[in-house]
Amino acid sequence: MPDTPDEPDFSGLGGGDRHAADIVQEVVHWYTEQIAAERRAPLPDEERLAQLTAGRTAAYEDLQRLEEADAQEEDRLAALYAARLRELES
């Protein structure tokens, strides 16, 4: 439940409680869309592309880490990526 202090609140992302991997995957998707858009630009910003690629790589690494994460690490990554997604989409 999002109202429980030990549980992260993902209600702002729509759909209530969500699995950490789903949230990290949404961040990966956001980065992928931004990379594609930047590459299509008439004059792509190579620095921005590098930043976007690094962000996506880090998210992929965390997604892989989730496969063997305990509940506490999963909750930590879910909260981290829920906040990151809100920031990226604002």
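Colleague: Where is Tyr60 found?

Modeller: In helix α2, residues 46-66. A helix here is a DSSP run of H or I, at least four residues, numbered from the N terminus. This is a predicted model: local features need pLDDT of at least 70, side-chain atom pairs count only at pLDDT 80 or more, and totals for chains, interfaces and linings use all residues. Residues are numbered from 1 along each chain as its sequence is written, and side-chain values use heavy atoms, leaving out hydrogens and water.

Colleague: Why is Tyr60 called partly exposed?

Modeller: Buried means under 20% relative accessible area, exposed over 50%, partly exposed in between (1.4 Å probe, protein chains only). Tyr60 has 39%, so it is partly exposed.

Colleague: What makes Glu38 buried?

Modeller: Its relative accessible area is 12%, so it falls under 20%. Glu38 is found in helix α1, residues 20-40.

Colleague: Which residues is Glu38 in contact with, leaving aside neighbours within four places in sequence?

Modeller: Leu43, Pro44, Asp45, Arg48 and Leu49. Contact means heavy atoms within 4.5 Å. The backbone nitrogen of Asp45 lies 2.7 Å from a polar atom of the Glu38 side chain.

Colleague: Why is the pair of Trp30 and Tyr31 called edge-to-face?

Modeller: The structure holds one aromatic pair. The ring centres of Trp30 and Tyr31 are 5.3 Å apart and the planes are at 80 degrees. Rings of Phe, Tyr and Trp (its six-membered ring) pair with centres within 6.5 Å; planes under 30 degrees apart count as stacked, over 60 as edge-to-face, the rest as tilted. So this pair is edge-to-face.

Methods: Helices (H or I, at least four residues) and strands (E, at least two) are DSSP runs, numbered from the N terminus. A polar contact is a pair of N or O atoms within 3.5 Å; within protein, one must be able to donate a hydrogen and the other to accept it, and residues adjacent in sequence count only if both atoms are side-chain atoms.
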